[in-house]
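Let's take a friendly walk through this model, one region at a time. Keep the 3D view open as you read.

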Amino acid sequence: TKSFSMAKPILFSLSFFLLSVFYTSLAAPPASESFYTDFLNCLKQNNTDPSISDIVFPQSNPSFSTVLQNYIRNARFNTSSTSKPLIIVTPKQPSHVQSTVICAKKTNIQVKIRSGGHDYEGISYISNQPPFIILDMFNLKTINVDIKNEVAYVQAGATLGELYYGIYQKSKVHGFPAGVGPTVGVGGHISGGGYGTMLRKYGLSVDNIIDAEIVDVKGRLLNRKSMGEDLFWAIGGGGGASFGVVLSYTVKLVSVPETVTVFRIEKTLDQNATDLVVQWQQVAPTIDNRLFMRLLLQPITSKTVKGTKTIRASVVALFLGGAEELVGILGKEFPLLGLKKEDCLEMSWINSVIWYNSAEEFKSGAKPESLLDRNLNSASFGKRKSDYVQKAIPKDALELIWKKMIELGKVGFVFNPYGGKMAEIPADATPFPHRAGNLFKVQFSVNWKDPEPSATSEYLNQAKSLYSFMEPYVSKNPRSAFLNYRDLDIGINSFGKNSYEEGKVYGAKFFNNNFDRLVKIKTAVDPDNFFRNE
């Protein structure tokens with residue numbers, strides 16, 4: 001699936017690990033059918049739509065499995081033993097969401113909110129404290145693009161690909177700085193501080209939102225003005241699903257040139273990859289902010305020395321400008337890359353979105369319409385973790401890291417350079433705090449196809465092992481992490497009497513000094529901790 005290839009580590013689901021100090025105990029697990037009847041009756045009492053029963057799928061409905069699996073994006077959570085919701089509610093209008101929240105609160109059932117299903121730990125559609133229901137937002141996908149005012153209204157269940165296509169239909173010189181994966185849902189991506197290839201020029205998605213709509217725990221539909229600046233701040237990077245159900249964002253469009261340039265350069269250890277990575281660390285975070293150079297590092301079988309493994313370093317880049325200018329800049333600043341004009345592809349911004357997501361699809365002639373394909377029920381197995389690097393990793397340490405990666409066998413890295421606009425925005429402007437002082441973000445990435453539990457266990461352990469090996473080289477006190485690279489290894493909440501302390505373990509990693517402000521807002525808007533996740 002698109003969310004689990006090395007070049008596409010962007011993800012987001014609406015969910016987020018809850019921080020609240022308060023906890024309401026769940027009622028005894030209701031039987032699926034009687035719960036369905038009671039819930040449907042409640043919906044009918046709280047909504048005037050005569051067809052409201054059509055949006056509710058109980059486990060006995062023949063379509064239940066299809067609806068559930070369509071937006072499962074990680075096969076680790078698509079097994080017979082994975083926890084299943086009692087019902088799935090698929091709202092088609094805002095009032096359906098309001099009624100669902102009112103009835104879930106009344107029946108005391110946990111709600112999981114899924115926009116695109118790309119949560120790396122599946123917590124938008126599974127629960128470690130069942131029973132639960134899923135509020136599945138995929139029908140709420142309206143997009144209105146207003147080029148005159150350079151804004152777009154986009155509902156939470158739309159995908160990034162649909163947003164990009166909607167902008168492209170109206171303008172060839174506008175874009176939006178969000179993720180690479182076109183099937184990622186807007187709601188989770190933006191609410192968790194999602195980013196993409198233009199972050200050094202324009203910052204994160206959340207640095208470019210001007211309004212939002214949310215259904216709160218009382219079932220009220222609120223916009224920025226009626227929710228207030230605190231809650232609006234919180235859902236701009238603090239994870240939407242802790243605070244309510246985000247229905248939409250209004251975003252500022254950004255300018256893109258008519259022609260942009262992309263390239264991919266690969267080198268292995270015998271081709272000087274180590275020196276390349278040393279130089280990349282100096283250049284990628286400081287160079288012209290129109291240039292984003294992602295670095296992928298993977299253990300592969302050597303083509304030169306039979307029967308051995310090496311490390312392949314791939315620089316995958318987008319430049320908001322032409323190839324000639326780019327070759328000139330990199331010849332001066334990044335000579336070890338050796339970029340030539342023939343390595344570059346010039347294209348429109350919308351085509352660069354297709355290329356960055358899949359160069360193979362681009363080569364085979366994929367058109368912008370391909371961004372509308374939601375690629376349903378196509379999950380592979382994967383695990384992601386994250387780190388931040390604040391001091392360049394020296395050459396001798398890189399050589400130790402390569403050795404460890406080769407020894408483990410499969411886990412790779414994605415290094416995403418910061419600097420530029422990211423270093424200019426204050427750490428408390430949004431809940432996302434990882435700004436000035438961070439050279440790059442690290443994603444630990446491993447994908448596999450073998451469905452055996454032993455394979456899953458092996459690759460999860462490889463990821464943990466590499467994560468612990470990296471400790472000397474990454475941020476400290478806290479060892480920071482990125483919310484949208486969801487990773488339950490760094491802490492979960494059982495929502496007992498120590499929930500604040502438990503929450504602070506991972507909350508400080510995700511939000512640094514913004515954690516306590518999020519807790520205060522959470523406590524004010526959802527004091528009983530109705531909206532919660534692991």
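Predicted model: local features only at pLDDT ≥ 70, side-chain atom pairs only at ≥ 80, totals over all residues.

## Strand β13 and its partners

Strand β13 (residues 291–301) and strand β17 (residues 412–417) pair in the antiparallel sense, with 3 bridges between them.

Strand β13 is mostly covered, with 9 of its 11 residues buried.

Which residues touch the most other members of the largest nonpolar core? They are Phe263, Met293, Leu297, Leu330 and Phe413, out of 124 residues in that core. As general background, nonpolar side chains in soluble globular proteins tend to be buried together.

Apart from neighbours within four places in sequence, Phe263 is in contact with Met293, Val315, Val316, Ala317, Leu326, Leu330, Leu337, Leu339, Asp343, Cys344 and Trp355. There is also a second, separate core of 31 residues, and its members include Phe39, Val101, Ala156 and Phe531.

## A buried helix

Helix α9 (residues 273–283) is largely enclosed by the rest of the structure, because 8 of its 11 residues are buried. The buried residues in α9 are Ala273, Thr274, Leu276, Val277, Gln279, Trp280, Gln281 and Val283.

## An open sheet of four strands

Elsewhere, 4 strands form an open sheet with the order β1-β2-β4-β3 and mixed pairing. Its edge strands, each pairing on one side only, are β1 (56–58) and β3 (110–114). On average, neighbouring strands of this sheet are turned by 20° against each other, direction ignored. β3 pairs with strand β4 (residues 132–136) in the parallel sense over 5 bridges, and Lys112 has Ile134 of β4 as its bridge partner.

Two helices lie across strands of this sheet. Helix α1 (residues 32–45) lies across β1, β2 (87–89) and β4, and runs at about 170° to β1. Helix α3 (residues 94–106) lies across β2, β3 and β4, and runs at about 170° to β4.

How many salt bridges does a search of the whole structure find? The search finds 23. Side chains of opposite charge can pair when their charged atoms come close.

Glu121 forms a salt bridge with Arg76, and their closest N and O atoms are 3.0 Å apart. This pair links distant parts of the chain, 45 residues apart: Glu121 is in the loop between β3 and β4, and Arg76 is in the loop between α2 (64–70) and β2. Glu121 counts as buried at 4% relative accessibility, and Arg76 is buried with a relative accessible area of 15%. In Arg374 and Glu162, the closest N and O atoms of the salt bridge are 2.7 Å apart. Here 212 residues separate the partners, with Arg374 in the loop between α12 (359–363) and β16 (381–389), and Glu162 in helix α4 (residues 160–170). Arg374 is buried at 10% relative accessible area, and Glu162 counts as buried at 12% relative accessibility.

Asp387 forms a salt bridge with Arg479, the closest N and O atoms being 2.7 Å apart. Asp387 sits in strand β16 and Arg479 in the loop between α15 and α16, 92 residues apart. Asp387 counts as buried at 0% relative accessibility, as does Arg479 at 12%. Salt bridges with shared partners also join Arg76, Glu121, Lys383, Lys385, Asp487 and Asp489 into one network.

## Ser475 in its loop

Is Ser475 buried or exposed? Ser475 is buried, with a relative accessible area of 2%. This residue is found in the loop between α15 (453–469) and α16 (499–511).

Not counting residues up to four places away in sequence, Ser475 touches Tyr388, Gln390 and Ser480. A polar atom of the Ser475 side chain lies 3.0 Å from the backbone nitrogen of Ser480.

Conventions
Residues numbered from 1 in each chain as written. Heavy atoms only, no water. Pairing = 2+ DSSP bridges. Axes fitted to C-alpha atoms, helices over the stretch in contact; angles between N-to-C directions. Contact = heavy atoms within 4.5 Å. Buried < 20%, exposed > 50% of the residue type's maximum accessible area, 1.4 Å probe, protein only. Polar contact = N/O pair within 3.5 Å; in protein donor to acceptor, adjacent residues only side chain to side chain. Salt bridge = Lys/Arg side-chain N within 4 Å of Asp/Glu carboxyl O. Core = buried A, V, L, I, M, F, W, Y, C linked by side-chain atoms within 4.5 Å.
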